[in-house]
Structure formats: structure tokens, C-alpha cells
Amino acid sequence: MNTETAYKSKGRFGAHGGRYVPETIVNALDELEKAYQEAIGDPAFLEELQYLLREYSGRPTPLYYAERLTEKLGGARIYLKREDLNHTGAHKINNALAQGLLAKRMGKTEIIAETGAGQHGVASATVAARLGLSCKVYMGEEDMRRQQLNVFRMQLLGAEVVPVKSGTGTLKDATSEAIRAWVSSVDRTFYVIGSVVGPYPYPQMVRDFQRVIGDETREQIMRMEERLPDYVVACVGGGSNAMGMFYPFLDDVDVKLIGVEAAGQGVDTDKHAATIAKGSRGVLHGMMTYLLQDENGQIIEPYSVSAGLDYPGVGPEHAYLHDSGRAAYHAVTDDEALEALRLLCTTEGIIPALESAHAIAEVVKLAPTVSADTILVVCLSGRGDKDVTQIYEREGGAQ
Ligand SMILES: Cc1ncc(COP(=O)(O)O)c(C=O)c1O
């Protein structure tokens with residue numbers, strides 16, 4: 001949705017962020033902002049959220065010292081923040097639980113969501129079932145093909161998965177369709193956005209619901225190493241696991257923050273999703289941010305082997321962290337991610353999601369270049385069960 005029919009200065013991160021939406025949803029966003037502010041000041045809401053995160057999802061997730069990967073790479077001490085061990089297998093559940101509770105509090109009966117890798121869709125369907133809400137998930141046809149297992153999981157959980165045929169049938173198209181559906185039913189539906197994207201207040205709200213990842217990491221590393229890490233690394237699609245991880249470390253200037261985008265078949269080809277490396281400022285899905293676009297402002301279709309990183313934009317706070325130099329953003333190819341995935345499988349007995357494998361690939365490059373007393377924490381945003389069939393097809397099965 002590129003039409004700017006309403007604009008509010010709040011919710012800016014430098015030049016990025018804001019609220020570029022049609023008039024019809026301005027009231028809904030105001031209502032959401034108010035409900036969110038009230039909810040996070042309400043001990044009963046926070047208690048219920050903490051209860052569900054702990055008893056239902058299994059938080060806190062471990063911060064695991066990856067001894068064999070550390071030995072193999074011969075450099076930094078590597079820790080994995082195990083978001084893959086959450087109920088439903090990814091960090092997406094943190095945000096879906098919180099937004100689901102907010103939807104209920106606001107008296108909504110239906111939630112809608114968009115999904116790429118399917119993990120946000122599965123998390124939303126799970127929360128809808130748990131809270132007794134109905135659920136529709138918009139998903140690109142190409143992503144439905146790549147993530148068949150997750151489509152079936154959502155259906156088992158009682159959600160309706162709506163196929164989106166437009167564009168490349170990936171996350172951008174699903175998001176556009178979900179926004180369109182939301183505009184036409186805003187009185188009864190709550191749009192559970194899956195990343196730190198969209199119009200204000202979504203980027204801030206999703207970050208606040210994901211900061212639990214970084215808050216726990218900070219406490220855990222202080223307990224285990226008695227100091228903060230030197231590097232914090234996370235993959236970036238829209239950027240929610242990275243933002244949740246980075247946020248509690250923003251004021252610790254000695255902690256280097258590295259976001260990892262998908263370089264697909266290479267940033268110098270036309271098949272990548274490296275938005276910060278190759279993008280320029282523009283408006284999409286209600287926000288000003290870096291986008292892959294041509295000189296006329298038309299979106300250049302992104303590409304990545306990983307459905308969750310296959311998005312032409314990035315959360316506005318990441319755009320700001322890039323502009324200010326507080327975080328660095330690197331890009332990793334499909335091949336590098338697949339190689340890193342195999343390495344984590346065989347050294348640690350952990351099959352990461354293809355998205356998370358991008359962060360591991362960055363660690364594979366970085367860790368050997370630094371000293372053995374360097375501490376590196378990487379967010380393992382999700383588990384790879386959903387990707388096994390796709391990897392099997394791509395690589396021709398067991399070797
Ligand atoms: C396991 C996993 N990691 C990362 C992502 C990327 O999203 P974000 O950048 O919002 O963390 C996804 C998105 O679907 C995902 O499923």
C-alpha cells in the first residue's frame with residue numbers, strides 16, 4: 001500500500017517509520033496504540049503474558065555454549081540463544097502471544113496475520129486456538145509450496161490459510177493482502193503483524209514484545225561469563241528477532257550488533273533480499289524504510305531460499321540503526337547459509353531454520369577472525385524442521 005493519505009509524525013526512527021496509511025485505518029491504529037499503552041502498564045496483562053511465555057511456551061529459552069562449533073571455527077566463544085526451543089519452534093510465538101492477548105483485551109473476535117516462513121502463521125494459529133479466537137493467515141503461493149508442513153500445521157490448529165497469488169507469491173504479497181483484508185473488517189479483527197514492520201505503533205510494539213530475547217540473553221551471559229558479549233548476531237527479514245536481541249544492548253556501545261540479510265544468489269545479481277545493502281528509502285506497508293525498488297519506486301521482487309527473509313523491506317528501526325552506524329548489516333548467500341546449516345547439524349546436533357542459518361553463516365565468517373577471549377552470541381531464531389523437505393528437494397536428498 002503506497003498511498004499516503006494520512007501521516008503522523010509519531011513513531012519515527014530518524015527519517016524512517018511513521019504511518020503511511022489510508023484514512024480508514026488511522027482510527028484503528030490510534031485505538032491499538034492506546035490499548036497497547038494501557039496494557040503494558042497493567043500488571044494483570046503483564047502477569048498473564050509472563051505466565052503464558054513461561055508455562056505455555058517454555059521461557060526462558062537457554063543460552064547454550066556451542067562448544068564443538070567454537071572448537072571447529074577456532075576463534076570466538078560462541079553462544080546460541082535457543083529461540084528454536086520455544087513452543088511452535090521459533091521466536092514468533094513471543095509476539096503472537098502478546099498481540100493475541102491484546103486482541104482479546106480489545107474485544108476482537110478474529111485475528112488475521114501474514115506469514116512467510118509460516119512460523120508467524122503457526123504461532124498466530126496456536127494463540128488463536130489457545131485464546132478462542134478465529135484466525136485467517138495470508139500466505140504467498142510460493143511460500144505455501146516451500147513451507148507445506150507449516151500450512152498443514154496452521155490448518156490442524158483451526159486456522160484458514162488464504163493463498164495469495166499476486167507478485168512472486170511471497171511475504172510482500174501476503175502482507176499487502178492482509179492489510180487489504182484488515183481495512184475491510186477493522187471493527188472486529190485484529191491484525192497480528194509478524195515483524196517490526198508496518199505503520200506506527202507496530203514496529204515499536206513488536207520490538208517491545210520481542211525484547212524478552214535480549215533481556216534474557218543479557219542476564220544469562222552475565223551469569224555465565226560475568227561480562228557482556230563482544231558481538232551479538234541475528235538474521236534480518238523484517239527484523240523482529242534481531243530487534244528483540246539488539247534492543248537491550250543499544251546503550252552498551254562496546255557490544256557490536258550485526259544483522260544478517262539474505263544475499264540469495266548474490267547481491268550483484270537480481271536475486272537477493274539484501275534490503276539494507278542494496279535498498280533505498282521509500283514507503284511500503286505503511287512505513288518509510290529502506291526498500292528494494294527501481295527508480296520509479298516500483299518494488300523489485302526479492303528472492304531468498306529462506307521464506308522468512310524473502311521481503312523487500314526492513315523494519316524502520318533497523319534502517320535507523322544502519323544510518324546511525326550503531327548496527328552493521330551484512331549479507332549472506334543461499335549457498336553460505338546452507339553450508340552453515342550443515343555445519344550446525346554436524347557439530348552441535350541442531351537443525352536450524354534456513355533463516356537462522358544465515359546468522360550462523362555470518363558467525364562462520366566472523367568467529368575465526370577474532371581472539372579466543374571474544375564472546376559472540378547468535379540468535380537461533382527457529383528450528384529447521386519446516387525446511388527439511390525443501391532442503392531435501394534442493395540438494396537431492398541424503399548424501
Ligand atoms: C525462524 C525464523 N527466523 C527469522 C525470521 C525472520 O523474521 P524476523 O526478521 O522478523 O525475525 C522468520 C520469519 O518467518 C523465521 O521463521
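**Confidence.** I began with the model itself, which is predicted. I read a mean pLDDT of 95 for the chain. Of its residues, 97% reach 70 or more. I then looked at residues 1–8, where the pLDDT is below 50. Beyond near neighbours in sequence, this stretch still has 27 contacts in the model.

**Helix 14 and helix 16.** I took helix 14 as residues 334–348 and helix 16 as residues 388–395. Their axes come within 13 Å. I noted a crossing angle of roughly 115°. The two helices are therefore roughly perpendicular to each other. I logged the crossing as left-handed. Next I asked which residues make the contact. From helix 14 I listed D334, D335, L338, L341 and R342. From helix 16 I listed I391, R394 and E395. I sorted this contact by class: 3 nonpolar residues, no polar ones and 5 charged.

**Salt bridges.** I found 36 salt bridges in the structure. I picked out one of them, R59 with E216. The closest N and O atoms of this pair are 2.9 Å apart. I then checked where the partners sit. R59 lies in the loop between helix 2 (43–56) and strand 3 (63–65). E216 belongs to helix 10, residues 212–225. The pair therefore ties together parts that are 157 residues apart in sequence.

Terms used. Residues numbered from 1 in each chain as written. Predicted model: local features only at pLDDT ≥ 70, side-chain atom pairs only at ≥ 80, totals over all residues. Heavy atoms only, no water. Axes fitted to C-alpha atoms, helices over the stretch in contact; angles between N-to-C directions. Helix = DSSP H or I, 4+ residues; strand = E, 2+ residues; numbered from the N terminus. Parallel < 35°, antiparallel > 145°, perpendicular 65-115°, else oblique. Left-handed = near helix turned anticlockwise from the far one by under 90°. Contact = heavy atoms within 4.5 Å. Nonpolar A, V, L, I, M, F, W, Y, C, P; charged D, E, K, R; others polar. pLDDT = per-residue confidence, 0-100. Salt bridge = Lys/Arg side-chain N within 4 Å of Asp/Glu carboxyl O.
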